[in-house]
Amino acid sequence: MITFEFPLNERIRRLLRIEEIYQKFEHQLKNTHDYFEFSCFNTLFEIVQLVSRSDLKIDFLQELERQEKKQSTLSENQALKEGQLNPKEIILKIQVARKKLENIDVKPGFNFNNNLFLEEVKKRISSPGGLLDVDFPNFRYWATHKTRKSKLEDFKSWAQPLMVFKDAASIILLILRNQCHVDSVKAKEGKHQQTIDPLKTFDLILLELEKTLNIYPEISANKYTVNVFFNRLNEELKKEPVKLNIEFKYSICWL
């Protein structure tokens with residue numbers, strides 16, 4: 001199965017973006033090919049740009065506090081269902097993430113505590129020519145004289161202050177995905193429309209498809225309906241609508 005996620009507001013879109021970019025960074029750190037450090041630097045600075053927004057820390061702290069109260073209520077009033085997260089365990093994770101967030105100071109324009117080497121790398125990456133060691137001798141020295149292990153230690157050290165945002169986003173998304181209502185649905189001639197309650201605030205739509213179908217969904221939504229259109233890419237990578245009856249799993253989630 002392959003899962004497609006569609007955020008229904010900018011707040012959830014940002015959480016998914018944070019999750020994805022940290023996953024990319026961790027994957028790049030595992031690569032063994034030459035020049036891996038170039039992609040790692042690019043992603044590290046993407047993370048900095050994403051998480052150094054002045055409102056992000058406040059938004060995370062507020063959401064974690066809200067979810068802690070909600071999980072406390074669940075813990076007191078409900079028995080655990082099969083597959084349901086244990087509220088007490090989630091509360092502990094939330095408390096750890098909140099404490100780390102409260103103790104970190106990441107301001108707009110975060111500069112890695114005045115690390116001049118990183119500031120220079122960041123500046124050159126954003127230039128038209130990109131990061132070239134031919135005109136950046138201190139970077140060339142770092143790249144050629146340090147072992148791979150030592151480079152990894154540097155990257156982990158530089159990223160460590162920013163990992164609290166990954167932890168916070170992971171917990172919130174874990175709670176969100178665990179609160180999905182899953183239905184088995186059939187799209188007629190590649191199209192499906194789902195009515196939703198306009199009085200509720202929904203956050204995320206998940207679609208699960210058999211990977212062998214070789215199709216993908218396009219989703220649009222408003223406060224009343226969700227519309228799904230299935231397509232495939234031809235050999236020229238152009239979109240082609242699918243006119244088949246398609247079975248898939250549909251979930252709508254909310255915090």
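The model is predicted, so local features need pLDDT of at least 70 and side-chain atom pairs count only at pLDDT 80 or more, while totals for chains, interfaces and linings use all residues. Residues are numbered from 1 along each chain as its sequence is written, and side-chain values use heavy atoms, with hydrogens and water left out.

The protein is divided into two domains. Domain 1 covers residues 9–174, and domain 2 covers residues 181–253. These bounds come from an automatic or database domain assignment. The centres of the domains, taken over C-alpha atoms, lie 31 Å apart.

Helix α2 (residues 36–51) packs against helix α6 (residues 137–145). Helices here are DSSP runs of H or I with at least four residues, strands are runs of E with at least two, and both are numbered from the N terminus. Two packed helices are described by the angle between their axes and the distance between the axes. For α2 and α6, the angle is about 120° and the axes are 11 Å apart. Axes are lines fitted to C-alpha atoms, for helices over the stretch in contact, and angles run from 0 to 180 degrees between N-to-C directions. The angle makes α2 oblique to α6. Angles under 35 degrees count as roughly parallel, over 145 as roughly antiparallel, 65 to 115 as roughly perpendicular and the rest as oblique. Helix α2 contributes E37, F38 and F41 to the contact, and helix α6 contributes F139, W142 and A143. Contact means heavy atoms within 4.5 Å.

W158 sits in helix α7 (residues 148–159). This tryptophan is buried, at a relative accessible area of 12%. Buried means under 20% relative accessible area, exposed means over 50%, and partly exposed lies in between (1.4 Å probe, protein chains only). Not counting residues up to four places away in sequence, W158 touches F41, L44, F112, N115, F117, L118 and W142. Q28 is 130 residues from W158 along the chain, and their C-alpha atoms are separated by 15 Å. C40 is also buried, with a relative accessible area of 0%.

Helix α3 (residues 56–77) holds E63. E63 is buried, at 9% relative accessibility. Its side chain makes a polar contact with the side chain of R11 at 2.7 Å. A polar contact is a pair of N or O atoms within 3.5 Å; within protein, one must be able to donate a hydrogen and the other to accept it, and residues adjacent in sequence count only if both atoms are side-chain atoms. Leaving aside neighbours within four places in sequence, E63 is in contact with R11, I172 and L255. S72 also lies in helix α3. S72 is partly exposed, at 27%. A polar atom of its side chain lies 2.9 Å from the backbone oxygen of E68.

The structure holds one disulfide (a pair of cysteine sulfur atoms within 2.5 Å). C180 is joined to C253, with an S to S distance of 1.7 Å. The link is right-handed, with 85° about the S-S bond. C180 lies in the loop between α8 (163–178) and β2 (181–187), and C253 lies in strand β8 (residues 246–253), so the pair ties together parts 73 residues apart in sequence. Both cysteines are buried.

Strand β6 (residues 225–233) contains N227. N227 is buried, at 17% relative accessible area. The side chains of N227 and Q193 make a polar contact at 2.8 Å. Residues up to four places away in sequence aside, N227 touches H192, Q193, E218, I219 and S220.
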